[in-house]
Amino acid sequence: APPAAGAASADGASDSLFSPESKLTPEELNQFKAKRFTLGQIPLKPPPADMLVV
Amino acid sequence: QRKGLQNSAEDSTLKWYKELQDSAAQCAQSFEQLNSPKDAQFGFTSLLWTQTKKLKLELQKAATIPVSQISSNSGSQLREIFDKIHKLLSGQAVVSAGRSVSTSQHPQGLDFVCYKLAEKFVKQGEEEVASHHEAAFPIAVVASGVWELHPRVGTFILAHLHKKCPYAVPHYLPPMKEGTPVEEYQRILGYRVDDSGVEGQDSFLKRMSGMIRLYAAMIQLRWPYGSKQGIVYSLFGRSFVVYPPLPRSSGTSRSESRLALVGSDAQHGAAGRHHITATLLFDFLEVCGNALMRQYQVQFWKLILLLKDEYFPRIEAVTSSGQMGSVIRLKQFLEVRYSER
Amino acid sequence: GGWKRDGGERVDLAEQSLLNKLIRRSLVRNRNQVEVLQRDPTSPLYSVKTFEELRLKPELLKGVYNMGFNRPSRIQENALPMMLAQPPQNLIAQSQSGTGKTAAFSLAMLSHVNPANKWTQCLCIAPTYELALQIGQVIEQMGKFCPDVKLAYGIRGNRMERGTKLQEQIVIGTPGTILDWCTKYKLIDPKKITMFVLDEADVMIATQGHRDQSIRIHRQLSKDCQMLLFSATFEDSVWRFAEQVVPDPNIIRLKREEETLDTIKQFYVVCREKEDKFTALCNLYGSLTIAQAMIFCHTRKMAAWLTTNLTKEGHQVALLSGEMLVEQRAAVIERFRNGKEKVLVTTNVCSRGIDVEQVSLVVNFDLPVDLDGNADNETYLHRIGRTGRFGRRGFAVNMVDSKHSMDIINQIEMHFNRRITKLDTSNLEEMESLMS
Ligand SMILES: Nc1ncnc2c1ncn2[C@@H]1O[C@H](COP(=O)(O)OP(=O)(O)O)[C@@H](O)[C@H]1O
């Protein structure tokens, strides 16, 4: 079976390669959208599958 | 600035770490009881005990000898080794050194074999991959195959790995507490400490590299298959952390699927440990950096960028010149590997 | 010639040196003090603790770190500043093999050349083709980030056009070919050589021809060419030769560290016949984690038997045996070193002189005895002794199959005043507690 996207759990852990956007906080999303990460603020969750290219 | 982002995750990581350790400890205890002959209290050694001892030796041999036979020499041999281990874990009889043995011969047989096997994989990383980096892949091939079919072994692999190599646990090593004896702290950092003192730097780094490389190879190998592995993205914390994707094991909570490589940290009074960070990051990225890159593309690249722009200047500033080798090697590696982008 | 008759089989110094280079993966630890004798005792003595202090070109420093080095070895601490000093100083350096001499002079040559000048500036000679190749590999690896520095091999089979001048700044080769290149073929202008390195001087002078050729090469060099000479040992003959080719030298020496049994845990296992020993060996494998093991047998026949049986059990085994040619031995050792095979079975004779410091388990499948059947303590020490603490503990396991061999164990214990502990390989708990 293919990896189930969106299986990120409440405690921030994830069972899949990517996180669904709905499971990310605005801060986390901003980090993924930004051109650069900010030291100390990199999300612990994987990025959403559609944010791998800019 | 916001520091809170990582904290809750660290808590859940620690919880997960503890669960793994507990389940390994429980298992060890379950067959530990079988070690001591209860009957001995009555003044005789029971026949049963002697038999159990023999059986344990045979089971341990059946589990660990195949692992020690893994070499980069031949692919078909790996298949044979894997089959042997799989058979043993499935309760079938296997022949080792001319003797037939099976886990079904004792109620704790399977526990014992899972535990010893996992321990053996990690030790093989510590001893063999340490001196032959190329050995990481063949060992990882077998280990991840076993992990896939027998998740319990995977749980124990992680537990043993975390115990021997604290850098494989995604949390910051605690700063030295006042009053902690230095040797005790060294032990927390993963150094071997015995009567003759604390292990030398070179030997320590070699062992850690061996385990991290084996770990990275397992992660990468498990990657394309099945739905079982959880994947967690890589990140920076207050310094540098990579959370690689990770095979899932049954029996513990979901968050177990998060593994990480934590480079040790500047803000935790860890100056002087950067060469460890740099060494292990290099080991880790050399083995599975390309795969991470393919998977996470720009998000991975952003990490590398942060490494280059924020991390290197910081550690170069605080690393003593006698320990610059590892930092320069990592830098060099990143320049070459990721310059083509 | 350089042949020593020994136990009916000849031991060639160059061969030994090569096999040692092949089996080695890391620096040999040596905690002795380096003795330094300066040509000018009043000049300050420099030694470095880091590579940074040498102020190398950045490409070269990168090359050094890229080899996995972190800091200079004992001998390098002193040798490197001397070799890189301005004005140039001559150097004679002696230390046992594996202490970092080759890496040191490779670095010196790479640092010395001016890449803009397209002629040969550094000349390095070594006793054999294979040894020259080994040195060349070090230079190539270390000089990886110095693309303008080129290297040529002056070794047999490497034919060159007469009269054209070589453009490579560094030439490394054997004395015969290098002499031809300088005199007969005029590929190199010896007067333009500014650094001359003579490696493995002790091996070199063991062959009369090499010795003479080296001196003839040396005579053609200009007076202010920097001369560097290296040797693993320092008998009088080496010393006389060194004085002849290296005028006004600085001298550094690092005495060989005595092998001891201090860091080795020694055991014996009581067995009946060879099948029993074999089972004991399998038990050992079941409870120890060892990257690599070396097993010594008394006869070729036993070694062959053991190899067959281990292979049948699924082990990857290499056999180093007396009738092999040096190329074959080198191939076996290289495979073993690269972890293709993890067990090396051998007889003593064909592994004499090989440094097995890297191996963490040594098994005496048969105990070492002299012609009279007494304990051969020297061989025992050489097989399992280690110099200093190299971070890894080692294990030695002796198979005892008779009253006589038990006597030998006792003799060895008495001789070294070190206990050899009895091991029951069928007792897991005991084994794990003893061997951890
Ligand atoms: N400064 C160093 N740090 C770590 N390893 C080194 C260093 N110098 C040399 N080595 C390694 O040690 C081994 C022996 O060095 P080598 O130069 O061949 O010694 P020798 O010429 O004295 O036999 C080689 O594997 C080499 O790569």
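Guide: Let us begin with burial: a residue is buried under 20% relative accessible area, exposed over 50%, and partly exposed in between, using a 1.4 Å probe and protein chains only. This is a predicted model, in which local features need pLDDT of at least 70 and side-chain atom pairs count only at pLDDT 80 or more, while totals for chains, interfaces and linings use all residues. Residues are numbered from 1 along each chain as its sequence is written, chains are lettered from A and ligands numbered from 1 in the order in which they are written, and side-chain values use heavy atoms, with hydrogens and water left out.

Visitor: Is Phe234(C) buried or exposed?

Guide: Phe234(C) counts as buried because its relative accessibility is 17%. Trp239(C), at 29%, is partly exposed.

Visitor: How does one describe a pair of aromatic rings?

Guide: One gives the distance of the centres and the angle of the planes. Rings of Phe, Tyr and Trp (its six-membered ring) pair if their centres lie within 6.5 Å; planes under 30 degrees apart count as stacked, over 60 as edge-to-face and the rest as tilted. Phe32(A) is buried at 1%, and Phe37(A) is buried at 4%. The rings of Phe234(C) and Trp239(C) have centres 5.1 Å apart and planes at 70°, so this pair too is edge-to-face.

Visitor: Which residues do ring pairs link into a cluster?

Guide: The cluster consists of Phe31(B), Phe112(B), Tyr115(B) and Phe156(B).

Visitor: What is a nonpolar core?

Guide: In soluble globular proteins, nonpolar side chains tend to be buried together. A core is a set of buried Ala, Val, Leu, Ile, Met, Phe, Trp, Tyr and Cys residues joined through side-chain atoms within 4.5 Å. The largest one here has 202 residues, and Phe121(B) and Met83(C) touch the most other members. Helix H9 of chain B (residues 274–318) supplies the largest share of this core, 20 residues; helices (H or I, at least four residues) and strands (E, at least two) are DSSP runs, numbered from the N terminus. A second, separate core of 31 residues includes Phe234(C) and Leu187(C).

Visitor: Where is Ser144(B) placed?

Guide: Ser144(B) belongs to helix H5 of chain B, and it is buried, with a relative accessible area of 7%.
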